[in-house]
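Colleague: I have a model open and would like to learn how to read it. Please take me through the features in turn.

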Amino acid sequence: MTPTRQASVRLTQFAHGGGCACKIPPGELEEVVSGLGAPLTGGGTSLLVGLATGDDAAVVTVPGQDLALVATADFFTPVVDDPYDWGRIAAANALSDVYAMGGRPVLAVNLLAWPRDRLPFELAREVLRGGLDIATEAGCHVGGGHSVDDPEPKYGMAVTGVADPARLLRNDTGRAGLPLSLTKPLGLGVLNNRHKATGERFEQAVATMTALNRDASAAALAAGATCATDVTGFGLLGHLHKLARASGVTAVLDTAAVPYLDGAREAVRDGYVSGGTRRNLEWVAPFTDFGGTDADTRLLLADAQTSGGLLVAGEVPGAPVVGELVPRGPHSIVLR
């Protein structure tokens, strides 16, 4: 933790929530989109990944080519007060969906909502500059975008990527016997919530959120992995439940092996837990055997991450193994 960095405008105070913690709760979202994935006939393309398994992005084949297009969109309210950092975080988070599918982002367009009568456009420019710098680091073009006047500031990107259709990372291809690797530590949600409440700046959280999942995705593919997802607004438990459910297996999580950011447990202890995190925990509870896991650990495992890491069914060099997939039992998740 570093001393508070003074800013003339605290962006987080202009939003009811922050980052991926402001997502619609997973149970409500699934009910809304249920039945909306009707297949398209004709057109020459094939939808490889759509709504059915709640994966990280949509994937279609390109007619006549051994190539798949990966498409996603992600945006949210300010997660930090610094506009440049917010832009970087939001861009890394949007690009992550492509990496989570085993793809490479090639083109992004900005999505910007701005309260033009309340916040100066100089701040919006800094947000966009942050997004551009992260996209440039990823080798992804930024070709304009769309903006609206909105009471709350929001920023993100719609991203198109490319992938080998025979080497995708999906959330429905896990199988019993595979280990589970996690490529970034947890605790982003509670640290961001503390930042929003107090103005304290957590450099370790900003560094984690702005780190691209590019290398983790490449390492997973190189290791022969076919199953992965990124850990964002539904927390580790929420995304793990979706992966286990889609794959028809049970995930056994070694709670002692899960890494956390410095200060995360203290933030939970001091009460900086978002409503999104509590809703995540409520959603997964019927599908989870918590064993003797304490209340604070449960909250951290459900913590609503923003631009979190990849959860991979397989070993990823340099990433801790946090559990394994086993044959389907009475629960999607078992904590040990």
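Modeller: Start with contacts, meaning heavy atoms within 4.5 Å. Among contacts in the protein chain between residues at least 6 apart in sequence, 85% join residues at least 24 apart. This is a predicted model, where local features need pLDDT of at least 70 and side-chain atom pairs count only at pLDDT 80 or more, while totals for chains, interfaces and linings use all residues. Residues are numbered from 1 along each chain as its sequence is written, and side-chain values use heavy atoms, leaving out hydrogens and water.

Colleague: How many helices and strands does the protein chain have?

Modeller: Both are DSSP runs, numbered from the N terminus: helices are H or I with at least four residues, strands are E with at least two. The protein chain has 10 helices and 13 strands.

Colleague: Why is the protein chain called as compact as a globular protein of its length?

Modeller: Compare its radius of gyration, taken over C-alpha atoms, with the globule rule, 2.2 Å times the number of residues to the power 0.38. For 336 residues the rule gives 20 Å; the protein chain has 19 Å, which is close, so it is as compact as a globular protein of that length. The C-alpha trace spans about 55 × 55 × 35 Å along its principal axes.

Colleague: What share of the residues count as buried?

Modeller: Buried means under 20% relative accessible area, exposed over 50%, and partly exposed in between (1.4 Å probe, protein chains only). Of the 336 residues, 53% count as buried.

Colleague: Are Cys140 and Cys227 buried or exposed?

Modeller: Cys140 counts as buried because its relative accessibility is 5%. Cys227 is buried too, at 0%. A disulfide needs a pair of cysteine sulfur atoms within 2.5 Å. The structure holds zero disulfides.

Colleague: How many salt bridges are there?

Modeller: Look for a side-chain nitrogen of Lys or Arg within 4 Å of a carboxyl oxygen of Asp or Glu. The whole structure has 13 salt bridges. One of them pairs Glu200 with Arg194, with the closest N and O atoms 3.1 Å apart. Glu200 and Arg194 are both buried.

Colleague: What about Asp117 and Arg116?

Modeller: Their side chains meet in a salt bridge at 3.6 Å, N to O. Asp117 is exposed, at 68% relative accessible area. Arg116 is partly exposed, at 47%.

Colleague: And which residue does Asp215 meet in a salt bridge?

Modeller: Arg214, at 3.7 Å, N to O. Asp215 is exposed, at 57%; Arg214 is partly exposed, at 32%. Elsewhere, salt bridges that share partners join Asp85, Arg88, Arg201 and Glu203 into one network.
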